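Thanks for asking me to look through this one. Here are my notes, written as numbered points to read beside the model.

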Amino acid sequence: MADIKVAAYICKGCGLGDRLDTDALVKIAQKDGKVPLAKSHDFLCNADGVAMIKNDIASEGVTHIMIGACSRRAKTEAFYFPENAVARANLREGVIWIRPDTDEARETTQEMAEDYIRMGCGEVKAMTAPGGNPNTGGSKTMLVVGGGVTGMTTAIEASKTGYPVVLVEKTGALGGWAAKLYKRVPVHEPFKSPADTGVGELVSQVLGDSNIKVYLNATIAKTDGAPGRFVVDVATESGATHTEDIGAIVQATGFTLYDMNKLPELGGGKSPNVVDQAGLEALATAAAAGDGVIRRPSDGQPVKSVVFVQCAGQRDTTGQHLSYCSGYCCNASIKQAMYFKDANPSVDTTIIYTDLRTPGNGEDFYRSAQEKGVIFTKGKVAEVVLNGATSTVKFHDLILDDSNAAVVDVDLVVLATGQVANSGINIDAPAAAAEEAGAEPKVEVKPISILNLTYRQGPDVPQLKQGFTDSHFICFPYETRRTGIYTAGPVRRPMDIAQAREDATGAALKAIQALENAELGRAAHPRSGDLSFPKVRLEGCTQCKRCTVECPFGAIDEDEKRFPVFNESRCRRCGTCMGACPVRVISFENYSVNTVGAQIKAVDIPDEFSEKPRILILACENDAYPALDMAGMSRNEYSAFVRIIPIRCLGSVNTIWITDALNAGYDGVMMMGCKSGDEYQCHFVKGSELGRVRLSKIDDTLKTLNLEKERVRDLEVAITDIERVPEMINKYAAELVAVGPSPFKGF
Amino acid sequence: MSANTALAEKYRNNFLKEIEEQVEMGDWVKMCMQCGVCSGSCPTNFQSAWEHPPQELFMMIRAGKREEVLTSTSMWNCTSCYNCIVRCPRKLPITHIMHGIAEYAHRIGMAPKMQATRFFSGLFWKNATKTGRVNELKLSMGLYFKDGFAQGVKNGMAMQSVALGLVKAGRLNVMELFGGHKCKDQKGIQAMLKKAYEIERNRKAAKMAG
């Protein structure tokens, strides 16, 4: 790092000049921060202030800038100096807005501001300006896996936006499930009758688009590389392999119906007159091709009475079947009941449901079915008893609380069995459990990998516990834990055609965002546009593999000597590898063990008789830090003894920071990260979870230091905790008074 | 009726069809979505006066429980406050359906004979149509003696002070017991009602015939 020149700027605007002694802060920057050029300005973010900084860069050769003003989350456009390393000391949201404007508070408030200036000066000196990932690829082609409604819609949308598409379909024809439907649930006014599926039109649109290259009867043999430079081998039926250069991937591999043979008590697999929803679609399609009468499969007699059993093998609490609701089946059964009623109103159609769930405009569709005379009965089906060609559906009527209710002489029973994701191999399944399952005499089909990724962490994208691909269904619905690979449609969560088409459009746009960012060497999301990337000092690496195992995004592979190979374009810049590394050789240009360590060390620790404890807060920049900023905006006061350092993710916390802080005489350390586990809110999916696993072992460190375990606190903070966070801080500060000052002060 | 044929009738559309065709507003019954807002809104329901709340009656109709529905006292308890109609998210005219079912049960002779509302309705109608004016004394006495002479005397004694108060205030004329006041054109009223009966009879006969 040749010739760095640091400059510090202190703003007096927004009340900072009234509440703080800014001249003293300038002196602190010069004396303690050892910054040769330190200035204050009345209004730093206005044109004049920014011009002053720019002038210093040009004429004074300033390379590193420390700005003591508002939060780093504010005024990002004014303080945008892409060529320079920039640190921000949060004097507004972090100091004057969370402290009372009283004479007695003035001293501690000033001390807080002085520490933040010292920390900013320390941090900026440990930084370099991020230059962007040089290991880029410029492919703009999108790979779509799956030729159903979702896949075709993704392909069409991407093509319309100007991106070439390669579409790979396993079967010999496009269309997927939707092509097997007789009709679909209506999506236009007046939502009264089943509508045409529209699949034919989609297929001809795909086939007629010269920008879309379609492989039928084809699978993905191998996926290698990273966003912008994926190399994908497409294996076709003839045995030939075609290699394609791909920028981003959308996996739209859809679903399989839950196997009704697993439901013998409902007659599944025991009679041809008990069918699943796909079976009824086939009967309806056959009827439409003939005389329009849906016939009983066993003897070809017209169906006079049909019962639809909702939630068959779904929302199961016993653990035998699907635990979830597939969401689309109520509307589908209503549609199928209409197949009968529209052809012949005298056919008895009964839908037995526990909760009728009709999303979208399904409520109008439901009402239309009632008008047409479909009988809706709230009940739980216990058994389907087969007596020759007809059957009796026994159920518990939940409105009349009649456990012996039954529908007799039923010609056809339709089981609404729900969707199971076609998500490939579950890479997180423990090997032992797989073996155990194999030992049982089950005829389970072993899942086949879809993407065949050459990634160290496995050949497919990670799954949620129900087998759908992992993506946060509210915050980032399409993003898998493999950067540049997106999932859309029922492989992601159960859904109907309308939702799948919306999904497809969203995933196409996300994939475009990923390949465009990849070409520029920037992060895709959630740190969109971030130019920093992990750098590793390989000569210090001990090949322990923690980084390659822990990376939530499978970005790090291993070479033959077990050294990590960083695929920067796959990286989301969370820093989990940096937190995991026991020898601390992984760092980012503007975020490293040193940048945070320097801040920790810069804080002035008063002696144990001062009654001024110091608490270090490492706050996640995604949720906890904004919550703290917003607490400031709402003027929710908290203790002046805390010093807050934003971190990229709880996963990036290296335990050396905690040890350093405690050794330096801090009385306590608070860790603020997002919720982890099945209902995670972590923006890096596994980051906070991995961070917590690491922190759970901090007790040993505390023991060796002979410190109380209250000195380190791990807290779950959400972005909405604007009032709760100050309360937590104050409560912890009070607790620490009871514990007493740290014995490490003054060493 | 054997258990087997009862089961055979159950969960067929027959009774629902009967209600749709015979009961005024009966064709709305199929539109109920079992949310229970009607039951929750009913001001009489908190006293457990309802054997079956409205949405349950509708479900019983769909389930083919003919006997239970038509002999039920539930629909007779409706006070026509219209809360359910106002609140029903499916816009079912619940109050009218309740009266429709009650009327149908009465028409085919299945309504509970001594149900108080039904008894009072009959008493009131007979009383009012006889002279064209309501004779309050005879009406209340008829109601007192509904459950037999001894009970009637007991009821009368219990209400003694109220009755005397009404007499003193000039609101109750004891002489009404003998004949009572009439409207001017008693014959005209009778003729009008006779005609109305005839029209109604023809309408219902046509309905019954399908």
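1. Among contacts in chain A between residues at least 6 apart in sequence, what percentage join residues at least 24 apart? The figure is 70%, where a contact means that two C-beta atoms, placed from the backbone, lie within 7 Å.

2. A word on ground rules before going further. This is a predicted model, in which local features need pLDDT of at least 70 and side-chain atom pairs count only at pLDDT 80 or more, while totals for chains, interfaces and linings use all residues. Residues are numbered from 1 along each chain as its sequence is written, and chains are lettered from A and ligands numbered from 1 in the order in which they are written.

3. Now the overall picture. Of its 747 residues, 51% are buried (20 or more other C-beta atoms within 10 Å of the residue's own, C-beta atoms being placed from the backbone).

4. On domains, the assignment for chain A lists domain 1 (1-129), domain 2 (142-254 + 422-435 + 445-519) and domain 3 (257-419); such bounds come from an automatic or database domain assignment. Taken over C-alpha atoms, the centres of domain 2 and domain 3 of chain A are 30 Å apart. Contacts link 17 residues of domain 2 with 23 residues of domain 3 in chain A.

5. Have a look at the hairpin of β16(A) and β17(A), which has 2 residues between the strands. In its turn, Gly388(A) has a positive phi of about 65°. The strands β16 (residues 375-387) and β17 (residues 390-397) of chain A run antiparallel, joined by 8 bridges, and Val381(A) has Phe395(A) as its bridge partner. Strand β15 (residues 348-353) of chain A pairs with β16(A) in the parallel sense over 4 bridges, with Ile351(A) partnered by Phe376(A). Pairing here requires at least two DSSP bridges between strands.

6. Further along, 4 strands of chain A form an open, parallel sheet in the order β27-β26-β28-β29. Its edge strands are β27 (642-647) and β29 (712-716) of chain A, each pairing on one side only. Strands β26 (residues 615-620) and β28 (residues 668-673) of chain A share 5 bridges, and Ala619(A) stands opposite Met672(A).

Methods:
A residue is buried if 20 or more other C-beta atoms lie within 10 Å of its own, exposed if 12 or fewer, and partly exposed in between; C-beta atoms are placed from the backbone.
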